[in-house]
Amino acid sequence: MDLQDLDNAVIGCRRCPRLVAWREAAATQSRARPEEYWAKPVPGFGPADARIAVIGLAPAAHGSNRTGRMFTGDRSGDFLFEALHAVGLASQPQAVSRDDGMRLIDTRMAAPVRCAPPENKPTPEERDNCRPWLATELELLRPTLRAVVVLGAFGWQALLPVLSAAGWTVPKPRPVFGHGVEVVLPAADGGPPLTLLGCYHVSPHNTFTGRLTQEMVRDVFRRARAVADDQE
């Protein structure tokens, strides 16, 4: 399996009945945009040889669930892509659709949960059902992956057991999430280590209140890029 095979498999997933019903119902709700919704699981986005991964939470009902691409088409994505572009990891500062020409540079986006959940709150069972997709994605990225930026505590908590299964050694007790937290995980096979970097989620709740600023996000991604460069 390569990443394209994985993406195709993700798109066809119907493992969680509640999420299937929610993502499809969102596509029929009254809305200002006269367009057809993606309304399927959202695959990862970015090159197969990425050195940096960005892990979020789950697609937004009228963001990625609408456009079919990670962090594309909502305010969280607007904030994130602006930061990525500013530090040289995205080809343009705005992402509005799957065919807008956006390219990620050295970076791939993924999520622990691939379907839009009600109230942005997947259940533990839904998170665990989705875990194999993320585990496989990280295994495929492993030859080049050197740093992971995790957006928010949910993504952090969901990611740690996946990393352990994918071949990195997670310390006990498990590291606690925080903005700017940096943890180096040795590879179980003696290969290059992986650096985890915590970042508050780019949700409007954080960005509109000033809890998270553009410069704070850019600093985290500058650090991720420096880590990846140091591993070359």
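Predicted model: local features only at pLDDT ≥ 70, side-chain atom pairs only at ≥ 80, totals over all residues.
The overall fold comes first. The protein contains eight helices and five strands. In order along the sequence, these elements follow the pattern α-α-β-α-α-β-α-β-α-β-β-α-α. The radius of gyration is 17 Å, close to the 17 Å that the globule rule gives for 232 residues, so the protein is as compact as a globular protein of that length. Along the principal axes, the C-alpha trace spans about 50 × 35 × 30 Å.

The interior and the surface may be considered next. Of the 232 residues in the protein, 52% are buried. Among the contacts with a separation of 6 or more, 68% are made by residues 24 or more positions apart. The protein exposes about 10300 Å², and carbon and sulfur atoms supply 52% of this area. As for charge, there are 27 positive and 26 negative side chains, and the centres of these two sets lie 4 Å apart.

Helix 2 shows how a single element takes part in the interior. This helix covers residues 17-26, and its buried residues are L19, V20, R23 and A26. These residues lie on the same side of helix 2, because they cover an arc of only 140° around the axis. The cover over them includes helix 3 (64-67) and helix 5 (124-141).

The loop between helix 2 and strand 1 is the place of Q29, and the opening question can now be answered. Q29 and H62 are 33 residues apart in sequence, while their C-alpha atoms are 9.8 Å apart in space.

A39 also belongs to the loop between helix 2 and strand 1 (52-55). Although A39 is not a glycine, it has a positive phi of about 55°. A39 counts as buried, because its relative accessibility is 11%.

A positive phi is found at D106 too, with a value of about 65°, although this residue is not a glycine. D106 is located in the loop between helix 4 (75-86) and strand 2 (107-110). The relative accessible area of D106 is 21%, so this residue is partly exposed.

The peptide bond that joins K172 and P173 is cis, with an omega of about -5°.

T169 has its place in the loop between helix 6 and strand 4 as well. Its relative accessible area is 40%, so T169 is partly exposed. Along the chain, T169 and V184 are 15 residues apart, and their C-alpha atoms are separated by 9.3 Å. When neighbours within four places in sequence are left aside, T169 is in contact with L185, P186 and A188.

Notes: Residues numbered from 1 in each chain as written. Heavy atoms only, no water. Helix = DSSP H or I, 4+ residues; strand = E, 2+ residues; numbered from the N terminus. Rg over C-alpha atoms; globule rule 2.2 N^0.38 Å. Buried < 20%, exposed > 50% of the residue type's maximum accessible area, 1.4 Å probe, protein only. Contact = heavy atoms within 4.5 Å. Areas by Shrake-Rupley, 256 points an atom, 1.4 Å probe, with all protein chains shown as cover. Lys, Arg positive; Asp, Glu negative; His and termini not counted. Charge placed at Lys NZ, Arg CZ, Asp CG, Glu CD. Arc of directions from axis to C-beta.
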